[in-house]
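Please keep the sequence and the 3D view open while reading.

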Amino acid sequence: MTNGTATTDLDARLEAHRVELTGYCYRMLGSSFEAEDAVQDTMVRAWRSYDKFEGRSSLRSWLYRIATNVCLDMLTAGNKRARPMDLTESTPLAQAALSPRPDNTWLEPMPDSRMLPTPADPAEAAVAKESVRLAFMAALQQLPAKQRAVLILREVLAWKASEVAELLDTSVASVNSALQRARATLAERQQPGADASVSDPLDEEQQKLLERYVAAFEGYDMSALTALLHEDAIMTMPPFDLWLTGADDITGFMTTLGAPCANSRLVPVEVNGLPGFAQYKPDPEAGGFTPWAVQVLEISDDRITGFHCFLDTERWFPLFGLPLRLEAETDQVEQGA
């Protein structure tokens, strides 16, 4: 085998693990862009040190070891990404103010296609989606970095305690103890939205709920939207730390500060194991529609419980493979990611 062929073969073998490694690093870091940087760093390190890989473990296990070390290094700064409800109290509409915080404050959205492989087992796919939903991701951020790694490897990826111990250079007893502490912390810190129950795939009622949501939002019909929202529904808008609770405050915001969103267009996206939409807002100057938000919806008991709008469209729309403009006559586009 020539060196060129060997290099191509190694590149392909490494690349085959990119999506699942991205999902792992995303769960560890809470940032879509940092996760992709971590995976790229992992690939470079693996490529450079492959001649030292002795095959005592599988290539996959070796890559996870490298990726874990990369993530632990990135987490030494101690930054815990969060959602607005993790940082402040809910704000009544009458006191609503849009105060942004730096990008590195926030838990970030991630397209399913970039982090969730397609396993043959539907049950495995469902677990994978549940483990990247916003509420679970926010809870993970409360854990110390090594406990986070143990919980993900043991409970999401179904590694054996002995395999995790080998990866982390520790004992099985230490792994089991870390997992027990991580579970206890998550149980104590149930997050808003953690009870969201989204079927995989969406069941018929959930599909109809989304269709009614699109009609209500694009028509800016607040009565119809109110009927779809749970009484304790939450709306967030990172990078602003404002969050609102209840249909009255949510629809009140949409008809006041959010009024320019009337007559928007929604394009479906698959994000964080949940249904979502790319929202394009009317452009009064140039016509057509411009990006405004990636919306992530949480659903429980056939009502929308969470309505999360990520507004940094210059970052999010390219990540999702979405165009940065819709023409006036275009109501829908194919999702690119």
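Buried means under 20% relative accessible area, exposed means over 50%, and partly exposed lies in between, with a 1.4 Å probe and protein chains only. At 34% relative accessibility, Arg45 therefore counts as partly exposed.

The model is predicted: local features need pLDDT of at least 70, side-chain atom pairs count only at pLDDT 80 or more, and totals for chains, interfaces and linings use all residues. Residues are numbered from 1 along each chain as its sequence is written, and side-chain values use heavy atoms, with hydrogens and water left out.

## The annotated region and its sheet

UniProt, in an unreviewed entry, lists residues 206-315 as "domain: Nuclear transport factor". Its positions are given here in the numbering of this model, its feature names are shortened, and its annotations may be inferred rather than shown by experiment. Over residues 206-315 the chain is 28% helix and 46% strand. The end C-alpha atoms of that stretch are 29 Å apart. Helices (H or I, at least four residues) and strands (E, at least two) are DSSP runs, numbered from the N terminus.

Six strands form an open sheet in the order β2-β1-β6-β5-β4-β3, with mixed pairing. Two strands pair if DSSP finds at least two bridges between them. β2 (240-245) and β3 (265-271) stand at the edges. Each has a single partner strand, so one side of each lacks a neighbour in the sheet. On average, neighbouring strands are turned by 20° against each other, direction ignored.

Is β2 mostly covered or mostly open? It is mostly covered: five of its six residues are buried. β2 pairs with β1 in the antiparallel sense over four bridges. A hairpin of two residues joins β1 to β2. Within this pair, Ile234 stands opposite Thr245 in β2. β1 (residues 229-237) also pairs with β6 (residues 303-310), in the parallel sense and over four bridges. There, Leu229 stands opposite Ile304 in β6.

Two helices lie across these strands. Contact means heavy atoms within 4.5 Å. Axes are lines fitted to C-alpha atoms, for helices over the stretch in contact, and angles run from 0 to 180 degrees between N-to-C directions. Helix α12 (residues 204-218) lies across β3, β4 (274-282), β5 (289-300) and β6, at about 145° to β5. Helix α14 (residues 247-254) lies across β1, β2 and β6, at about 45° to β1.

## The nonpolar core

A nonpolar core is a set of buried Ala, Val, Leu, Ile, Met, Phe, Trp, Tyr and Cys residues joined through side-chain atoms within 4.5 Å. The largest one has 102 residues. Those with the most contacts inside it are Tyr24, Cys25, Met28, Tyr213, Met235, Met254 and Phe307. Helix α4 (residues 59-74) gives the most to this core, with nine residues.

What does Met28 touch, leaving out residues up to four places away in sequence? The list is Cys71, Leu72, Leu75, Gln141, Ala145, Arg148, Ala149 and Ile152.

## Charged pairs

Side chains of opposite charge can pair when their charged atoms come close. A salt bridge is a side-chain nitrogen of Lys or Arg within 4 Å of a carboxyl oxygen of Asp or Glu. By this rule the count comes to 15 salt bridges.

| Salt bridge | Distance, N to O |
|---|---|
| Asp41 and Arg45 | 3.2 Å |
| Arg83 and Asp86 | 3.7 Å |
| Arg325 and Asp283 | 3.6 Å |

Arg325 lies in the segment after α15 (313-319), and Asp283 in the loop between β4 and β5, so this pair ties together parts that are 42 residues apart in sequence. Arg325 is partly exposed at 28% relative accessibility. Asp283 is buried at 18%.

Asp41 and Arg45 both lie in helix α3 (residues 32-49), four residues apart, about one turn of the helix. Asp41 is partly exposed, with a relative accessible area of 29%. Asp41 is also 7.4 Å from Val70, C-alpha to C-alpha, although 29 residues separate them in sequence.

In the remaining tabulated pair, Arg83 is buried at 5% relative accessible area, while Asp86 is partly exposed at 25%.

Salt bridges also form a network, which links Glu34, Arg81, Glu108, Asp312 and Arg315.
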